[in-house]
Amino acid sequence: MASSDDSARTSRAVGIDLGTTLSSVAQINDAGEPTVIANAEGELRTPSVIYFADETVLVGRDAVREAMGNPARAAFNIKRSMGDADFRFTVDGESYTPESLSALILRKITQDAAQQIGPIRKAVITVPAYFDDARRKATEDAGGIAGLDVIDIINEPTAAALAYGFSGKGDDGVFLVYDLGGGTFDVTVIEKRGNELITLATDGDVQLGGKDWDERLVEELARRFREEFKADPRDDRAALAYLTLTAEEAKKGLSRRKSTRVPVSYRGHWGNYEVTRDEFESLTADLLAMTQLTTEMVLEEAGVTWAGVNRVVPTGGSTRMPAVLAMLERMSGKPIEIPIPVDDAVAMGASIHAAILELHSQDRLVEFTADTAARLGRIHTTDVASHALGLVIKDHQTLAYRNDVLIKKNSRLPASVTKTYQTAHDGQTSIVVRVVQGDAPDPEACITLDAFSITGLPEGRPAGALVKVTFSYDTKGRVHVTAEDVSAAKTMTVEINRTKGMDPSRITAEMTRLSLKSVE
Ligand code: AMP
């Protein structure tokens, strides 16, 4: 908790785009405009790369440079591992979860921003719409470890649509947000009606992004180098890290020019290869086609045809590739306009959402001008569930386990469903429910959540006691389970047996451990 002195200086809530490759912080400024805050290096976006130096932890541009010389001490693409319970990055005998690594990035960007706007306490962090419960929880926990009060988690496309809507550049109608970042891809259809933003459907791929385009170029350059020198730079970690960075730069160059030359050096050999935009586009055509397929599918789920889409909103750095815009123009039959920089829209939208929450909160730290308050106060967003929520049940006929979908994918949030169960045995005092995310009938093809145990039924009751269980998604897309003992009209305890996320004591312990490190 901040002291009253601190509160006087604490800045208003910020919005954070915690990206696979780049992260940024934005805030509504005194004039009521969302503004991206520069880091200590003067850049609006900080590379989401961590380098463990001897004394300090480097995050950002310096980490990228150091990582080239010693990639084993660097952590990249952490967002791709969010929610993975088994992932650990180990350096100097210390191991870090994806939550802790993300917390180090959050520490760097908020501490830098604080130099300009004052201490930061409250934040909204964005996530790809397609993040499941474990990934959402991991993101919230990362914020907790970084010492932030995460007042909400919102979907990146919703944030982008908010930035458009708030800027007055988004007229009413249906928006299709095509978000291709460094490591994730989402498509979301959002309807703007006055000040209401309603998400109609969303889908995506958490393992598809600009990195995949880089990899294709790395493969091609390595192939040409091998042909010429019979040596493969991918065999050496440092050479591969360097080649990957060069490939990314070349890719960006090809967004501006029709061809580029790429130098590749390894084991004293020097190669120099020309790559044309056409060649690059044919190397990556299948990746683009995958995004096209998802886009068509999401439109269908939203019940909208291209004729019904009023505006296509590209967000994420990878939409700078001309092939992406050409595909979107071809598919939609409309010219694409980009009034807000593609990599700022998400952080800006998150800062608008943060300000809206702060405006409605009791412990508001900083006042808004009447005009800003009026503009913010009118906006309302409604999101949808990116995954179906189901329960694993045993089919009486086949005796096989199957997923009984309780809340359909793309249901409006918050959403909840109540089911009544009977205890199966005399004296049964607890029930274990297995909850999954996904549409597939086979539970093994879905994402299993942590196990929920409902405990505390009175002892000595015969079989057949009624228990009402409510499964819900909150507005953040997080899953909750509550239960009621019907005959005693008493709320029961639901224990979550965590196999995936961190519990509060671990978050506090991690916060203490990391607070001893200096982050630059
Ligand atoms: P984001 O996750 O939204 O920050 O997007 C970062 C991704 O955008 C990375 O894969 C970058 O390589 C990619 N990117 C940034 N600028 C360009 C560009 N000019 N052309 C192609 N890709 C780009």
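Biologist: Where is D92 found in this predicted model?

Modeller: D92 sits in a loop, with β8 (89-91) on one side and β9 (94-96) on the other.

Biologist: What should I read from the phi of D92?

Modeller: Start with the general idea: most residues other than glycine have a negative phi, and most peptide bonds are trans. D92 is not a glycine, yet its phi is positive, about 50°.

Biologist: Which residues does a cis peptide bond join?

Modeller: The bond between L413 and P414 is cis, with omega about -5°. P414 also belongs to a loop, the one between β20 (401-407) and β21 (415-422).

Biologist: Now the ligand. Which residues come nearest to the ligand?

Modeller: There are 14 residues around the ligand, and those that come nearest are T21, G182, E248, K251 and S255. By class, the shell holds 2 nonpolar, 8 polar and 4 charged residues. Helix α7 (residues 237-256) gives the largest share of the shell, 4 residues.

Biologist: How much of the ligand does the protein bury?

Modeller: The general idea is that the size of an interface is often given as the accessible area lost when the parts come together. Here the ligand taken alone exposes 500 Å², and the protein buries 91% of that.

Biologist: How is the protein chain divided into domains?

Modeller: Domain 1 is made of 1-169 + 339-382 + 501-520, domain 2 covers 210-283, and domain 3 covers 389-488. Taken over C-alpha atoms, the centres of domain 1 and domain 2 are 32 Å apart. Their contact takes 7 residues from domain 1 and 7 residues from domain 2.

Biologist: What is the mean pLDDT of the protein chain, and where does pLDDT stay under 50?

Modeller: The mean is 90, and 97% of the residues reach 70 or more. Over residues 1-8 pLDDT stays under 50, and the model has 5 contacts beyond four places in sequence for them.

Methods
Residues numbered from 1 in each chain as written. Predicted model: local features only at pLDDT ≥ 70, side-chain atom pairs only at ≥ 80, totals over all residues. Heavy atoms only, no water. Near = heavy atom within 4 Å. Areas by Shrake-Rupley, 256 points an atom, 1.4 Å probe, with all protein chains shown as cover. Helix = DSSP H or I, 4+ residues; strand = E, 2+ residues; numbered from the N terminus. Nonpolar A, V, L, I, M, F, W, Y, C, P; charged D, E, K, R; others polar. pLDDT = per-residue confidence, 0-100. Contact = heavy atoms within 4.5 Å. Domains from an automatic or database assignment.
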